[in-house]
Amino acid sequence: MGCAGSAIRYPNSRAVQKFETMSAIERTIKAALLIQRWYRRYRARLEIRRRCYWTIFQSIEYAGEQDQIRLYSFFTDLMTHIACDKSSFSNSIANSLRGRPRILAEIEEEERELWKETNPNLIPIESTYQGPHIHLPLTADQVTLLINSFRKRKLLHAHYVLTLLHEARKILQSKPNINVASTTLSRHITICGDLHGKLDDLLTIFYKNSLPASDNPYIFNGDFVDRGVQSVEVFLLLIACLLVWPDRVFLNRGNHEDFSVNIRYGFIKEIMYKYTRHATRIIQVTEDVYSWLPLATIIDNKVFVVHGGVTDRTDLKKISRMDRHQLITILQPPMIDGKMTCDQEEWDQVVGILWSDPRPQPGCHTNSIRGGGSFFGPDVTEAFLQRYQLERIIRSHECKPDGFEFTHGDRVLTIFSASNYYAEGTNKAAYVKLVGTNLVTQIVMYVSSSHTSNAEIQQRQGYVEQSALRELKQLIYASHLLLIEKFHMEDTEQSGKICIGRWCDIMKEVVGLQLPWRLLCPKIAKLDPLSGNVYYESIFQEYTIQNKLAEQNEPSLLETLYRSKDTLETIFRFIDTDGSGLISMQEFTDACQLLSKHLKTSMHQEEIQDLAKSIDINKDGFIDFNEFLEAFRLVDNDSPSRRSGNHVCGLFCQDER
Amino acid sequence: MADLKAVDVEKAKEHFEIYDFEGVGKVDGKDLGDLLRSLDLKPTIETIMKNGGTKKKGERVITFEEFLPIYSQLKKDKDIGTKEDFMEGLKVYDKSENGTMLAAELAHVLLSLGERLTDPECDEIMKTCAGQEDDDGFIKYEPFIKAVMGGPFPEEQ
């Protein structure tokens with residue numbers, strides 16, 4: 001800002017001066033000002049668009065998390081009532097809902113049971129196996145071997161997976177609840193945030209910052225798995241690093257190191273797809289490994305590194321003393337036959353540090369958008385740091401456009417290491433190095449994608465918008481009937497249009513997301529150029545839910561199921577204990593009934609049974625639920641071959657590229 | 001605001017809500033400029049400062065009620081420049097009078113005159129709007145001006 005020099009007068013922008021009367025330099029300055037003003041407006045328009053689309057992704061993500069938590073507490077309630085209500089649910093549902101209780105109180109006995117069921121030697125290695133071979137003790141060379149194999153999309157044999165997981169268990173068991181890390185030897189330490197199955201990002205970090213070593217310690221701050229398609233590889237690689245450098249690699253548990261979250265967000269699906277009949281064993285040991293993961297790390301008694309954050313009740317003494325192994329899942333306190341096996345208070349503590357988010361407002365409030373943990377303000381941070389004589393907090397848990405964000409007067413740093421998390425082009429990732437005796441902060445940003453990194457801002461924004469809109473449209477389509485009903489009620493004259501204000505209200509109410517609907521309206525619907533009113537039917541013209549089941553079944557039932565597709569899938573996966581993808585007709589009917597109870601909507605028993613019969617094409621009494629979910633596809637009317645939504649096989653295809 | 005149409009007020013409200021990061025009905029003074037620009041205004045930085053904008057975060061917050069009159073007032077500002085004004089200004093650098101100028105001189109103008117751009121901002125505008133430099137480093141400035149005025153989403157004009 002400012003003038004070119006004191007000798008030149010700054011032209012008064014308010015006075016309308018005729019160009020002809022100005023000197024050449026005055027003209028140029030005026031032109032410069034004009035260009036600069038228009039350019040800044042250009043940037044601001046881009047910025048508001050970017051924020052708008054970011055909100056879409058973030059709202060959908062958090063709504064999903066909320067839903068998952070609600071579903072889980074619904075399961076918990078059911079479990080306490082299931083004893084009395086045995087008749088209404090089949091045995092397998094009853095059994096799975098009972099969870100995987102720690103009925104064996106003695107650690108040794110539990111170990112024996114676990115080993116008996118998941119001993120790697122139960123799975124011999126075929127001579128046809130083409131993937132990497134590993135042997136204990138693991139060495140740095142083998143880590144490199146794994147990296148190269150994973151890069152070539154080779155799968156590590158289930159035998160070796162179990163071997164690594166069991167070794168990891170042993171090491172993690174000896175760790176305290178709160179890791180102690182020191183930079184005395186190495187003079188620096190690197191902290192990485194959420195990776196979410198993005199192997200490319202982990203490899204980028206190792207490329208830029210070298211593999212762990214005795215003088216290169218790392219802290220991985222949770223959320224290694226889910227959402228990305230190489231969660232297995234990321235998790236195994238981190239485990240491998242832990243085995244080779246057990247005192248230099250620190251793993252903190254994140255809210256996604258939790259099977260009840262993995263069921264919904266893709267890790268379980270990935271394991272089942274990649275390991276089929278061995279999946280159950282792998283999942284079993286993984287669950288155990290999760291419960292042994294430490295909950296936080298403190299560096300040099302100065303920096304507190306934890307996945308979520310803190311609350312006004314966070315008590316590090318309590319956290320250090322608790323038996324973290326009891327927490328199989330964090331979505332509910334551990335229970336046996338309806339009774340809690342750990343202190344409610346202890347469980348609260350862990351939820352608090354793994355699910356909370358910092359906010360600018362002071363105080364500590366319930367985290368309403370996620371449904372778990374708190375929003376903590378700068379005062380809470382100060383109080384916490386003072387209480388434990390610490391200097392700052394490094395946490396993850398939230399995606400940020402640049403991969404990092406300082407808040408609370410720079411006392412809290414959020415670090416997020418999964419680039420393009422929501423979609424191509426949405427965000428950069430970052431890791432942080434703390435260097436020297438003063439632990440000076442150095443942030444390194446990166447993006448692991450060749451696709452959009454060279455694209456210009458508009459192009460990148462274009463990809464992001466397309467992805468965001470596609471996700472949003474799926475949600476809108478899921479409420480087709482409800483929306484039409486409300487629109488018709490509003491449109492008393494049957495003109496096919498309603499005013500944009502009312503359109504925004506209805507969308508917000510039915511779709512259930514707080515989004516800038518007015519800004520998005522022209523992207524989703526057709527507007528009448530004269531009145532600015534919305535042709536509401538136009539929203540549904542671009543795609544159709546192609547559903548072969550539609551001919552024989554009730555549309556409203558189908559729509560309810562489609563809208564709760566993710567929840568239904570979670571329930572199915574929960575029931576499908578052998579990972580076969582098949583459940584019985586009875587189980588399917590029970591699942592739908594469970595869903596209707598959870599949603600508190602009614603679904604007629606006969607309609608569900610008719611649906612079940614129509615899906616069981618070969619009449620063998622079993623339903624392939626993956627196929628069932630695939631039946632609900634959003635098909636683009638203009639190019640019917642291009643489909644939207646999750647493609648189970650394509651997502652995890654090993655020989656893709 | 002008698003002179004703002006209802007639809008303008010609603011649009012302003014939605015943009016305001018996007019910049020209201022804490023959800024408390026207030027926008028930081030640092031973002032006032034971007035907020036006004038997102039609503040298609042092109043105030044100078046000087047104007048923004050005079051109307052309550054700040055350079056740093058946390059110095060001042062603006063409520064929606066305070067924002068509306070600022071928006072209404074600045075919306076009336078007619079002195080936003082036409083293509084001809086731009087052309088006239090840059091003609092000074094058009095030595096051969098053939099509609100071209102040195103890209104480096106254009107960058108220099110933007111970096112050192114008026115309300116200066118930063119290096120990354122200048123790089124960006126040159127990359128996205130200036131088009132290809134010829135072998136001697138000249139660009140046609142008319143398409144450049146058109147691109148800047150068209151904004152990032154010309155189809156929405």
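Predicted model: local features only at pLDDT ≥ 70, side-chain atom pairs only at ≥ 80, totals over all residues.
Residues are numbered from 1 along each chain as its sequence is written, chains are lettered from A and ligands numbered from 1 in the order in which they are written, and side-chain values use heavy atoms, with hydrogens and water left out.

The secondary structure of chain A comprises 23 helices and 23 strands; these are DSSP runs numbered from the N terminus, with helices being H or I of at least four residues and strands E of at least two. Of the 657 residues in chain A, 57% are buried, where buried denotes under 20% relative accessible area, exposed over 50%, and partly exposed the range in between (1.4 Å probe, protein chains only). Among contacts in chain A (heavy atoms within 4.5 Å) between residues at least 6 apart in sequence, 73% join residues at least 24 apart.

The size of an interface is often expressed as the accessible area lost when the parts come together. Chain B and chain A bury about 5400 Å² between them, 61% of it on carbon and sulfur atoms; this buried area is the accessible area (1.4 Å probe) lost by two parts on being put together, summed over both. In this interface, 57 residues of chain B contact 47 residues of chain A. Four salt bridges are found across the interface, a salt bridge being a side-chain nitrogen of Lys or Arg within 4 Å of a carboxyl oxygen of Asp or Glu. Glu10(B) forms a salt bridge with Arg518(A), with the closest N and O atoms 2.3 Å apart.

Over all chains, the structure holds 41 salt bridges. Within chain A, Glu47(A) and Arg50(A) form a salt bridge with an N to O distance of 3.1 Å. These two residues are separated by about one helical turn, because they lie three residues apart in helix α1 (residues 24-82) of chain A. Glu47(A) is partly exposed at 21% relative accessibility, and Arg50(A) is partly exposed at 25%. A salt bridge also links Lys318(A) to Asp315(A), with the closest N and O atoms 3.9 Å apart. Lys318(A) has a relative accessible area of 30% and is partly exposed.

Arg370(A) and Asp357(A) form a salt bridge at 2.8 Å, N to O. Arg370(A) lies in the loop between β10 (364-366) and β11 (374-376) of chain A and Asp357(A) in strand β9 (residues 357-358), so the pair ties together parts 13 residues apart in sequence. Both Arg370(A) and Asp357(A) are buried. Salt bridges with shared partners join Glu65(A), Asp357(A), Arg359(A), Arg370(A), Arg395(A), Glu398(A), Lys400(A) and Glu405(A) into one network.

His598(A) is located in helix α20 (residues 585-599) of chain A and is buried, with a relative accessible area of 11%. Apart from neighbours within four places in sequence, His598(A) contacts Asp67(A), Arg70(A), Leu71(A), Phe74(A) and Thr567(A).
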